[in-house]
Amino acid sequence: MPVANALPRWDLTPYFPGVQSSEFEEAVRSLNRELELAEEYWRASGIASSEGVGSDIAAEAVGRLSSIQEQSRLIAGYLECLVTTDSNDNAAAAALSSFDQTTVRISKLKTLFTLWIGKQTDLDFGFPTISEHAFYIERAQLHSKHLMDAPLESLVSELQPSGSTAWSRLHSNFTSQIQVQVDGERLPMTAVRNIAYSPDREKRRKAYEAELSAWKLNELPLAACLNSIKGEVNSLADARGWHSPLEEALFNAHIDRESLDAMMEAANDAFPQFRRYLSSKAKAIGHSKLAFFDLFAPIGDAKGKWAYPDACKFVADNFERFSPELGDFARRNFRENWIDAEPRNGKVGGAYCCPMIRGESRILMNYEPSYGSVSVLAHELGHGYHDMCLSRRSPLNQDTPMTLAETASIFCETIMKEAALGKVAESDQLAILEASLQSQCQVVVDISSRFLFESAVFEGRRRRELSADELCKEMLAAQEATYGDGLDPEFRHPYMWAVKPHYYSTSSFYNFPYMFGLLFGLGLYSIYQSEPSGFQSRYAELLSSTGLADARTLADRFGINIQRKEFWAASLDQIRRDIDRFESLI
């Protein structure tokens, strides 16, 4: 448990001493040897030519893919941890670029297997390995219907490192090195964006204006990144027979359009409630309208109460009340230094949890002493706990769609918030409640704006490239449709398309799964409150099974029908009750 206020940097040495160490080089060589053996087996068994037949071949191939996935996940995760905390680390960047070629080989193997398995009509699902991976195989068979011929898919795999993957990496590296002048001080973009949490409104305003100026100055390469990635996604979706990138995203999210529409309709109905919250927050800080730079302003008497060690204890203690296993997991993160919390130049913004091996993970965040950061810490630890539960399954059965990947993180936020609200003074209740609503507003309202924006960009990109000015206009239109009169129209954020790395992922619609996770997690928490007996074990089993069934099937285990708007509305009603409480405290 941390005992000082210094923010930690994570410890990656349990995996490798360094990117140029003999241990790391041997791990890469070992993976490449296994890839060579798999490629030879693909040729000899007929998988490469889609001519081989037999359950024994399928079982052997699945076993090899599973082993390759486990090894590659560790190496890729290690390299990603290095480059996202120091974009100036040339050795790590070179190793990651070199590993791209290994990733291409893995992608080719998986594609050839998918094309081959799609033609297997007489698989023996009583075969142990096949039975264990039934869901993975059945999805691969469905996916095979949306693949081009093998030579074309191989060409796509070879081109992506210099295509969308390169554009995505450029965005990450470029934005992590942007320096912004604020009040005569030169700061990295991550530090500037953290000023949004300052209690000083004038300081927040200056940081906001400086940030927008910096994005304006750097908009040309960022717009090129976004146009290139979205153009590639559009082209590949068409070539693979998807009606749209959204249809492909829904398949990857393990949900159907009916479920998405039910959720988005419920969210749209709830926008007036969130605007009521934003209006109340504006009143609390002494203004008639909330500016974008006020969204994360602290409210309540919480100043100085969330030093990092205090946050660690708060999170671990509240996790412990729900489940000793969850509490122990959090304490292990702190004890073994799995978290990189310090904002610094060359480090990317935002937060993520990276699974490594054997249920271990590493968490990146940019901590600042507010309850909002405490909530982010709990959120990412939830991801880590989910990864630990998944480690009971084979590597291929650990693949989890974003929709379900957000379940544990939201659940952990809710555990902490509910426990804290019942124990602290009213002034601190306001701070905790506000931080929770602030996060939920982002996940419902802002995520909806991102969904609308990305939909518009995909549509516009079919015609031609979009200028930075057009991207800004689309972003403002999306914010108007969602935030509405909850935000001052003079102070919105037209460059959120440049800020969020999610737009630059090679996977499209990296947005609505967050809302799914929030509302599904709240629905599960409601069940926990009404039926606590035995819930923890059922919940852990659910988390370990997110790669074994689609979202609707898993939800059915808890009596949840995700295709009905009523379920989503009930979860949103929980947030509405918090908004009512927030208004009363204001």
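The model is predicted: local features need pLDDT of at least 70, side-chain atom pairs count only at pLDDT 80 or more, and totals for chains, interfaces and linings use all residues. Numbering starts from 1 along each chain as its sequence is written, and side-chain values use heavy atoms, with hydrogens and water left out.

**Exercise 1.** Work out which strands pair with E5, and in which sense.

Start with the cut-offs: strands are DSSP runs (E, at least two residues), helices likewise (H or I, at least four), numbered from the N terminus. Two strands pair if DSSP finds at least two bridges between them. Strand E3 (residues 339–340) then qualifies, running parallel to E5 over 2 bridges, with Ile 339 opposite Ile 363. E4 (residues 352–355) is antiparallel to E5, joined by 4 bridges, and Pro 355 faces Ser 361.

**Exercise 2.** Sort the side chains of E5 by direction.

Recall that side chains in a regular strand alternate between the two faces of the sheet. Here Ser 361 and Ile 363 point one way, Arg 362 and Leu 364 the other, and all are buried (under 20% relative accessible area; exposed is over 50%, partly exposed in between; 1.4 Å probe, protein chains only).

**Exercise 3.** Classify the ring pair Tyr 208 and Phe 491.

Rings of Phe, Tyr and Trp (its six-membered ring) pair with centres within 6.5 Å; planes under 30 degrees apart are stacked, over 60 edge-to-face, the rest tilted. At 6.4 Å and 55°, this pair is tilted. Tyr 208 sits in helix H9 and Phe 491 in the loop between H19 and H20, so the pair ties together parts 283 residues apart in sequence.
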